[in-house]
Amino acid sequence: MSENKKEKGSSITRVLEIIEMLSQAQRPMAPADIAHYLDIPKPSIHRLLQQLEADGFLQVDLRGLWGPGAKLHGLAWAVLRNQRFKNERMAILHELAGKIGETCGISIPHGLDMVYADRVHANWPLQIHLPEGSQVPIWCTASGKLYLSSFPRAQRDRIISKLPLTRMTCNTLCTLDALKAELDRTCERGMGVDNEEFVDGMVACSVPVADDEGVLLACLFVHAPVIRVSAEQLMAFKPLLTDAAAELANLL
């Protein structure tokens, strides 16, 4: 009985180690690399990966490389929305929105979209309604462009070459050259900017919420109607946004 429990515990530990590694990896990984780094026999790694794929926690691409699956993304979303930490995040957002006077929120990457996780509305009659759970494209939003800019240039270029670059407004950057140049500017200033590129009449800015190694975990954004504030005026709040992002990093 004790041996069975030990074996079961060992398998569970290996599964969790695989999930942890692939959740933190910057790109999909080959089974041989996973087995090497985690010191798991190759027959075992293939069996565990196939089981995790069948359960929806992992997915494999056409090259045979492995990454997080839909169920793992859902689990991450559930953890992010955990009420205990959500209350602390909302307190930070409330304070920030009060100082800036505009709607502030957190968005997280999900495939080719950014998902609005938490948000606090400013106390204005005129609001732009994008509720929690809204998914917005990465090529024309402040948070999305900030996320894209966090990738190494070669990987970034491969990603954007596959994007539809659908025109959302007259200001949407719909060519690869224009988007590449904008992502270079985003890297330089450390801030994503949306100048009416996603929604007519809306401007937005975003800064990274990063871990201790500088890896982007989420984006902290502020957006407002252009009738009330310009993109340049929002960009001036970068110090406030950066300070709040540092606090939020401890809660993600």
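In the predicted model, Cys205 stands opposite Val222 of strand β8, and Val222 is likewise the residue of β8 that Cys104 stands opposite. These placements belong to two strand pairings, both antiparallel: β7 is joined to β8 by nine bridges, whereas five bridges join strand β3, which spans residues 103–110, to β8. Strand β8 itself, comprising residues 216–225, is mostly covered, with nine of its ten residues buried. Five residues lie between β7 and β8 in the hairpin that these strands form, and in that hairpin Gly214 adopts a positive phi near 85 degrees.

When neighbours within four places in sequence are left aside, the contacts of Val203 include Val222, His223 and Ala224, together with Asp194, Asn195 and Glu196. Val226, Val229, Ser230, Ala231 and Leu234 are also in contact with Val203. The C-alpha atoms of Val203 and Pro225 are 6.3 Å apart in space, although 22 residues separate the two in sequence.

His223, one of the residues in contact with Val203, also takes part in a polar contact of 2.9 Å between its side chain and that of Arg119. Arg119 is located in strand β4, which covers residues 113–120, and is buried, with a relative accessible area of 6%.

Two aromatic pairs are present in the structure. In the pair formed by Tyr116 and Phe221, the ring centres are 4.7 Å apart and the planes lie at 25 degrees, so the arrangement is stacked. Tyr147 is buried at a relative accessible area of 18%, and Phe151 is buried at 13%.

Helix α8, made up of the 14 residues 176–189, reaches 20 Å from its first C-alpha to its last, which is close to the 20 Å expected at 1.5 Å a residue. Its buried residues are Leu179, Glu182, Leu183 and Thr186. Viewed down the axis of α8, these buried residues fall within an arc of 100 degrees, so they line one face of the helix. Such an arrangement can be read against helix geometry: an α-helix has 3.6 residues a turn, so residues three or four places apart point the same way. On the face of α8 turned away from the buried side, the exposed residues Asp177 and Glu188 are found. The elements covering the buried residues of α8 include helices α6 (142–149) and α7 (153–161) as well as strand β6 (192–195). After α8 comes Gly190, which has a positive phi near 65 degrees.

Methods:
Residues numbered from 1 in each chain as written. Predicted model: local features only at pLDDT ≥ 70, side-chain atom pairs only at ≥ 80, totals over all residues. Heavy atoms only, no water. Helix = DSSP H or I, 4+ residues; strand = E, 2+ residues; numbered from the N terminus. Buried < 20%, exposed > 50% of the residue type's maximum accessible area, 1.4 Å probe, protein only. Polar contact = N/O pair within 3.5 Å; in protein donor to acceptor, adjacent residues only side chain to side chain. Contact = heavy atoms within 4.5 Å. Pairing = 2+ DSSP bridges. Phe/Tyr/Trp six-rings, centres within 6.5 Å; stacked < 30°, edge-to-face > 60°. Expected span 1.5 Å × (residues − 1). Arc of directions from axis to C-beta.
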